[in-house]
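My notes follow in the order I checked things.

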Amino acid sequence: MARRVPIKVIIDTDPGLGEPGSDIDDGFAIAMALRSAEIDLRGLTIANGNVDAGTGADVARRLLQRMGRADIPVLLGALAPLYRDMAPVRALFEAALGEAQASTDPARPPLPPTSEMHAADFLVTETAAHPGEIVVVAIGPMTNLALAIQRDPGFARNARELVLMAGAATTYAQNVTVVGDFNAYVDPEALDIVLRSGATIRMVGLDQTSRVMLTRADAETMRAIARAENDPFCAWAADCSDAWIDFLGRAFPNRSEHKDACFLHDPLVLAAVIAPGLLTWAEAHVEAETQSDLARGLVVADRGLALAPMQTPNATVAIDTDVEGFRRLFLKRIGARTIQSRTRHKA
């Protein structure tokens, strides 16, 4: 049987793995990509989101160094949403979590991006150089993708596929607000631009990502793998997992799931590229609400179940997940000691 050609992937992200008080799941998605033979990771484009973009670039660089892949480009992108003020979102998180969000250690000089090229220009350039070949996995706010479309509408045609983490196709998001998940809430105008771009789009919403969790027992499994395989990354990742679960338990004492576990939102989106059969998909016409304050960040996925006729589908949305299958894949890949070497990329 012929060996499967790895899928060229760019991950658009706002990573905080390793920074105190910040989600770990972006970093785990990156690690899964690096430890999956199905993926040829071409670059990381960094957007404002879970952390400010500068912190995200520093986190991405250090994670790649830790995993022996410092050759992968890291490009700094949007420092803020297209039109909205990020300060109220930061204030909302600080009030909800009871302590400041992640920031780099002031005694540790932050690592800069690997190039002065803007992330949106990198997205445009790379997809134009490899039309129909690159999958862009967007696991943060969609600002960089929207900027790429504004700079060159051909980006939407040249990308093989945009795989987005946004919305909730089967229910409400129950995240930043009842209806608004973080990525859509931070920059709904950017998501609107992406959905109207004509790109081939798949979406994995929080109705699915909130079903997959990493437990303290899973962290112990990672430690056991680390000892057996002499894998320092796996041990460090287990420590980060326990610290994040501790943090969530303090921040959300009324949410029982966070006493022993945390969500693995972003890794499920990466798994949708590696093993799309883990999810059940449906065609939908998807729109993002940009006008209403009450419904800010609402993503409406019309799957033709209502009396009103559905408009032409513009996305494929996840409506179910093989939770145990994903858990097995995640632990197998995070514990995969052999990292695939790739040709050195330059931006």
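In which sense do strand S2 and S3 pair, and over how many bridges? I found S2 (residues 39-46) and S3 paired in the parallel sense, over three bridges. I note that this is a predicted model. Opposite Leu-76 in S3 stands Ile-46.

Next I looked up the whole sheet. Nine strands make an open sheet with mixed pairing. I read the order as S3-S2-S1-S4-S5-S6-S11-S9-S10. Ignoring direction, neighbouring strands are turned by 30° against each other on average.

Then I turned to the helices on the sheet. Helix H4 (residues 119-129) lies across strand S1 (7-13), S2, S3 and strand S4 (134-138). H4 runs at about 150° to S2. Helix H12 (residues 265-274) packs on the sheet as well, and the strands it touches include S1, S2, S4 and strand S5 (161-165). The direction of H12 makes about 155° with that of S5.

Last, I checked Asp-26, which sits in helix H1 (residues 25-34). Is Asp-26 buried or exposed? I found it buried, yet without a salt bridge. The nearest side chain of opposite charge is Arg-90, 11 Å away. What does the side chain of Asp-26 make polar contacts with? One partner is the side chain of Thr-13, at 2.9 Å. Another is the side chain of Asn-50, at 3.1 Å. Leaving aside neighbours within four places in sequence, I also listed the contacts of Asp-26, among them Pro-15, Ile-139 and Asp-266.

Notes. Residues numbered from 1 in each chain as written. Predicted model: local features only at pLDDT ≥ 70, side-chain atom pairs only at ≥ 80, totals over all residues. Heavy atoms only, no water. Pairing = 2+ DSSP bridges. Helix = DSSP H or I, 4+ residues; strand = E, 2+ residues; numbered from the N terminus. Axes fitted to C-alpha atoms, helices over the stretch in contact; angles between N-to-C directions. Contact = heavy atoms within 4.5 Å. Buried < 20%, exposed > 50% of the residue type's maximum accessible area, 1.4 Å probe, protein only. Lys, Arg positive; Asp, Glu negative; His and termini not counted. Salt bridge = Lys/Arg side-chain N within 4 Å of Asp/Glu carboxyl O. Polar contact = N/O pair within 3.5 Å; in protein donor to acceptor, adjacent residues only side chain to side chain.
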